[in-house]
Structure formats: C-alpha cells, structure tokens
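Colleague: I am new to this structure and would like to learn how to read it. Please take it feature by feature.

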Amino acid sequence: IQPSGKFAKYPVHPNKGYKLDAHHLPNQMSCDAAMSAAHCNPEISGVGFVMTGASMAHNDADEQLYLVGIDIDEKAGISDAELHNIWITLGKPYVEVSPSKKGIRMFCLSKVLIDNRNQNGLEMYSSRRFLTVTGWSGKGQLKDCSAAIDELHVKWFAPAKITVRPAAAVIDCAKPETPRTVAWAEEVLSHVSPDCDYEQYRNVIWGIQALGWASGESLQRQWSLGAPHRFTADGLTVIQSSFDGRPGGITFGTVVHYAKLNGYASTPKSTGSNLLARLL
C-alpha cells in the first residue's frame with residue numbers, strides 16, 4: 001500500500017513480492033491458488049484477474065462469452081444516480097468499490113470481445129489487462145450483458161481524433177519486415193526520447209503499430225523501457241488498444257518526423273546507409 005493509502009495494483013510473486021508480468025503465462029495461477037497466496041502473505045494487498053481475451057463461459061445457446069471489466073473513476077463526474085442507472089441498464093452485473101475507494105468496477109460477460117478503451121475516467125477492457133478485485137461492497141452477479149455493454153461502449157467512446165503530421169513527414173510504411181528494415185526502425189527510434197510528453201509518447205507507439213510488423217510490440221517495449229520510470233505494461237496496452245489504423249492517421253512517418261527534429265538525417269552520409277535513402 002502506498003503512503004497515500006492507494007494500492008499500487010501491480011502483480012507480484014506470491015512468495016517473494018517482486019513485480020511480475022501478469023501477461024506471461026507461467027506467472028498466472030488459478031483463483032484458488034491466488035487466494036491462498038494472498039491469505040498466507042500479509043504483504044499482498046489482494047488478488048487480480050488477468051484478462052486474456054479467451055472465452056470463459058458459454059450461454060444456453062452454446063455461444064462463447066468473454067469477461068468485460070468496467071472502471072468508473074470519480075474524475076468521470078458521474079453522479080450516484082447515474083452510476084445506479086448504468087448498473088440497472090446492464091442488468092445488475094457484479095459491481096464493487098475500486099481499490100482507490102473513489103470509483104467502482106463492474107464485471108460482466110459479452111458474446112464478443114470489446115475494444116479496450118480508457119478515456120476521461122471511464123475504462124472498459126476484455127483482453128490484455130490485469131484488473132484487481134477487492135470484493136468491497138460487492139453485489140450483483142456475473143452475467144451476459146452483451147447488448148447493453150455494446151451500447152455503453154458506443155456511448156462512452158466516440159472514435160478518437162487523430163493528429164495528422166505534415167505530409168512531408170509521412171512515408172510509405174508498407175515496407176516488408178526484414179532484419180535491415182527493423183534495424184532502420186531502431187535507428188530512427190534511437191533519436192526519439194521516450195521521456196517525452198504523453199501525446200508524443202502515444203504517437204510513437206501508434207507509429208510503430210502502423211508498421212504492422214510481428215516485431216512491433218518488441219520495438220514498442222524496447223523503446224519505452226528507455227524511460228523505465230514511466231513504463232507500465234498496462235499503460236502500453238491501453239495505448240495499443242486505442243490505435244486507429246484507418247487512412248489519414250498516425251504512421252511511422254510521424255516517428256521519423258520526431259527523429260529529424262532530434263538530429264536524425266534521412267540523407268545517407270555513407271554508402272552503408274543507402275537502405276535508408278531508398279526507404280525515405
């Protein structure tokens with residue numbers, strides 16, 4: 001527990017207490033094992049659930065159902081009456097007080113995986129997320145809320161407006177992924193500090209994602225860890241999940257634009273840089 005009274009909410013080793021990557025399969029355990037570890041170690045604040053995106057139940061029609069986690073923080077400005085109405089509209093799913101004690105969390109089921117979103121104190125996840133469970137003032141049942149959850153998602157999260165960089169900074173990112181092009185991308189990223197403002201940080205993550213490479217997430221993590229004090233796996237997941245790959249959005253050219261502002265030269269200075277010239 002932090003001095004402020006808030007829970008840090010990161011997953012830890014059940015016996016040794018050091019941080020773990022919740023999304024690494026060998027670090028995951030059953031609910032019973034997690035509960036037992038929490039009871040045996042007074043340093044553990046509680047348990048959490050890893051949203052893997054895998055179905056966890058079936059309805060009477062044998063359709064797969066996926067877990068959805070909803071967070072409503074006090075900064076969302078939603079009144080108690082509105083919170084109650086949301087709960088009623090969803091069909092009274094399981095609801096509890098969040099670890100901060102200043103918001104609520106709901107868990108329900110959906111026939112489809114919803115897009116992870118985080119905006120203005122409102123959050124909704126169905127994959128690649130570690131959510132703590134408090135049990136505080138818990139009520140309701142884990143149930144299928146498919147239609148209502150879809151409507152709520154549309155209501156809360158309008159399509160994001162993407163900042164488009166100058167046309168001169170945009171390149172054709174449909175390049176094949178090869179050791180040489182990955183090395184080029186790493187060179188570009190080396191000229192952009194991850195210890196930057198949020199908008200630039202987000203745009204770099206999106207720019208890497210726009211490449212569509214299998215190594216994309218590795219590049220994102222490698223670059224982000226250049227500022228380990230601000231990196232979290234969950235934070236990266238949230239940015240990744242909000243990426244909009246439609247035409248006119250962020251591309252890796254945006255990253256090149258940032259790199260040029262920091263001294264990156266697209267014009268080769270030696271014959272060994274001819275690949276960069278062809279790409280740019």
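Colleague: Which residue in β3 is the bridge partner of histidine 58?

Modeller: Strands pair if DSSP finds at least two bridges between them. Here the partner of histidine 58 is glutamine 64 in β3. Strand β2 (residues 57-58) and β3 run antiparallel and are joined by 2 bridges. This is a predicted model, in which local features need pLDDT of at least 70 and side-chain atom pairs count only at pLDDT 80 or more, while totals for chains, interfaces and linings use all residues. Residues are numbered from 1 along each chain as its sequence is written, and side-chain values use heavy atoms, with hydrogens and water left out.

Colleague: How many residues lie between the strands in the hairpin of β2 and β3?

Modeller: There are 5, and aspartate 62 in this hairpin takes a positive phi near 65°.

Colleague: Which other strands pair with β3?

Modeller: Strands, like helices, are DSSP runs numbered from the N terminus: a strand is E with at least two residues, a helix H or I with at least four. Strand β5 (residues 103-110) runs antiparallel to β3, with 8 bridges joining the two.

Colleague: Is β3 mostly covered or mostly open?

Modeller: Buried means under 20% relative accessible area, exposed means over 50%, and partly exposed is in between (1.4 Å probe, protein chains only). Strand β3 (residues 64-73) is mostly covered, with 8 of its 10 residues buried. Over the chain of 280 residues, 41% are buried.

Colleague: Now a helix. What span should α5 have?

Modeller: The expected span is 1.5 Å times one less than the number of residues. Helix α5 (residues 198-210) has 13 residues, so it should span 18 Å; its end C-alpha atoms are 18 Å apart, which agrees.

Colleague: What is found at the start of α5, and what follows the helix?

Modeller: For the start, look for a polar contact, a pair of N or O atoms within 3.5 Å; within protein, one must be able to donate a hydrogen and the other to accept it, and residues adjacent in sequence count only if both atoms are side-chain atoms. A side-chain oxygen of aspartate 197 reaches to within 3.2 Å of the backbone nitrogen of glutamate 199. After the helix comes glycine 212, with a positive phi near 70°.

Colleague: What covers the buried residues of α5?

Modeller: Contact means heavy atoms within 4.5 Å. The cover includes α4 (179-189), α6 (216-224), α7 (233-241) and α8 (252-261). Among the buried residues of α5 are Tyr201, Val204, Ile205 and Trp206.

Colleague: How many disulfides does a search of the whole structure find?

Modeller: A disulfide is a covalent bond between the sulfur atoms of two cysteines. The test used is a pair of cysteine sulfur atoms within 2.5 Å. The search finds 0. Cysteine 108 is in no disulfide, and the nearest cysteine sulfur, that of cysteine 145, is 4.1 Å away.

Colleague: Is cysteine 108 buried or exposed?

Modeller: Cysteine 108 counts as buried, because its relative accessibility is 0%. Cysteine 31 is exposed, with a relative accessible area of 57%.
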